[in-house]
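Please work through the following exercises with the sequence and the model at hand. Each task is followed by a solution in steps.

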Amino acid sequence: HQERLVHSERLAGIGRLAAGVAHEINNPLGVILGYVRLLQRKAEGALADDLRIIEEETLRCRDIVEGLLDLSRPLQVPGETLALRELVEEVISRLRESIQLSDVSLTVEGDAQVAGHPQRLRQVVTNLVKNAVEAARPSGQVKVAIHAREGEVALSVSDTGSGLTPEAHERLFEPFFTTKPQGTGLGLAVSQAIAQAHGGHIQPRNLPGRGAEFTLHLPRSTP
Ligand code: ADP
Ligand code: MG
């Protein structure tokens, strides 16, 4: 398969300086995490609690640094054919282990094949489903629907949360725009960049009754 190298203007948007700083901070963060985890094996009681806070905050720094690196690196999109449903199901089972789903019900329907970068598309689906679950919590519904249309594949993630505020609607894809106390505001910026590198895009909208829907549009895989 031929590889398509997509040079983007993302670097200009995020700034070479930010990308450079992210790169320099990445390694020391890894060292800090390694040592915290080493200490956690020996620690008990209050000390163990303090170390967990250090670990959580370090992971948060790592999320930000990885997001910045994702935005700054040109993305190579291989023409590998992927079954979207399988990818979505993998993402969901991994999310079940790592995030608090509470009583949010998650369903998947449809299937289609696309050409793309499996790891990066998994990242997009993870971001969209995570946002939907965070919006729908504690007891709503999240639905992932995959449709093959003429010339394109659409994957939509809808939730029963309270929908997008006018400000959020306008600023969703801006790096660092977040309304969550623990948010990084990088999930949708990175996801949109990945979608665009695949020749597609993400379209948000508010649903008539309640909640939001994010649709990832991708070009159909060519045989
Ligand atoms: P983060 O999740 O770290 O805040 P994102 O880039 O993933 O960053 O999302 C940016 C913002 O967009 C969120 O803080 C939220 O305000 C809004 N948003 C994203 N998804 C949804 C959704 N499904 N429902 C309502 N608002 C959303
Ligand atoms: Mg997010």
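**Exercises on a predicted model**

**Exercise 1.** State which helices each supply at least two residues of the shell around ligand 1.

*Solution.* The helices are α5 (118-136) and α7 (187-197). Helices (H or I, at least four residues) and strands (E, at least two) are DSSP runs, numbered from the N terminus. The most comes from α5, with four residues. In total, 21 residues surround ligand 1, the closest being Asn 131, Thr 178, Gly 183, Gly 187 and Leu 188; a residue is near a molecule if its C-beta atom, placed from the backbone, lies within 6 Å of it.

This is a predicted model, in which local features need pLDDT of at least 70 and side-chain atom pairs count only at pLDDT 80 or more, while totals for chains, interfaces and linings use all residues. Residues are numbered from 1 along each chain as its sequence is written, and chains are lettered from A and ligands numbered from 1 in the order in which they are written.

**Exercise 2.** Determine how strands β6 and β7 pair.

*Solution.* Strands pair if DSSP finds at least two bridges between them. Strands β6 (residues 141-149) and β7 (residues 152-159) pair in the antiparallel sense over eight bridges. In β7, Glu 152 is the bridge partner of Arg 149.
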